[in-house]
Amino acid sequence: MEATTDTYRPSGEQWTIRHGDHEVVVVEVGGGLRSYTWAGRPVLFGYDETEQASGGRGQLLTPWPNRVRDGRYEFGTGGPLQLALSEPAKHNAIHGLVRWTTWHVVEHREDTITVGCRLRPQQGWSWALDLTVTYLLGDDGLTVTPSAQNVGVTAAPFGFGAHPYLTTGEDRVDRLTLTVPAETSVDVDEQSIPVGRSSVEGTDRDWRHGRPIRETVLDNGFTDLQPGPDGRWQVRIEGPGGATTLWADAQAFPFTQVFTGDTLSEQKRRTSGVAVEPMSCPANAFASGDALVVIEAGRAWGGTWGIRPS
């Protein structure tokens, strides 16, 4: 497939893959998902090619997902590191370092594309990683396979997440039914940093059996996600237009964040899908070490997640 190029597209080049009624557009800026449609129905609430991604929409979150408190952490023997505070309102570093990085095509066929970039040392980050993400369309939807190769000389801290907004074509998220197979919620403070965990049993965070969202406000982390026989957990939304499911390998992604968009701009607030974010670690893992992946020099990390419309 030919890439289309236009210097006025904020997300850079647009790379399309197709399989049957499935169509996905991946972008050069950030290497993420701009759109996904199935039989003409939106599966993701993305953004137009004339727009810049906002609210993390469709973006890849690495080398950490979610937040680092005050942007400060220590790893190895190099002393404290200070990341740029990319969420100044809460005094955090948020969603990694590659959301606005230029990615390149490694391989592109009709139904699959692999994009990559090298994450180099910079403010608050002292390591080198070769990052790739493969997007593959099939009869069952989209499969996403990220990987990270440590091309430096010392072990590197690492986490991965993604930020798709699922939709069934509804006008408001209030009309959706949500299922999250998590037994535990992540409790956070005013900076949205974890301070503990709680059982969802008997609370308003119990979505295990599916229930209508209605006016519920969600921007919550979950863990102890129960997988099926295939080793994958599934978060599902159902609405007037059908259903959309995000699944992830439970070992690679033991956490997820679910967000109903209540802090977005007024135009998109609760009207632009539900963000379901597969994450390898919770917020602040760089500082707390909780579920933090350590990639030794010369070694790699990988995982798999995907999206299925029905």
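On a 1 Å grid over the protein atoms alone, a cavity is a set of points where a 1.4 Å probe fits but cannot get out, and lining residues have an atom within 4 Å of a point. A volume is the space filled by probe spheres set on the points, which are joined across faces, edges and corners. The model is predicted: local features need pLDDT of at least 70, side-chain atom pairs count only at pLDDT 80 or more, and totals for chains, interfaces and linings use all residues. Residues are numbered from 1 along each chain as its sequence is written, and side-chain values use heavy atoms, with hydrogens and water left out.

**View 1. Largest cavity, about 40 Å³.** The structure holds two cavities of 30 Å³ or more. Residues P10, S11, V29, Y47, Q52, A53, Q59 and W100 line the largest cavity.

**View 2. Second largest cavity, about 40 Å³.** Its lining includes T62, W103, F158, F160 and W301. Strands β12 (129–138) and β13 (141–150) each supply at least two lining residues (strands are DSSP runs of E, at least two residues, numbered from the N terminus).

**View 3. Largest pocket, about 400 Å³.** Of the 21 lining residues, G55, R67, F259, T263 and L264 are the closest to the centre of the largest pocket. A pocket is an open set of points with protein on both sides within 12 Å along at least five of seven lines.

**View 4. Second largest pocket, about 200 Å³.** Among its 19 lining residues, V188, S192, D219, G221 and Q257 are the closest to the centre. Two or more residues come from each of β18 (182–188), β21 (219–225) and β24 (255–259); β21 gives the largest share, four residues.
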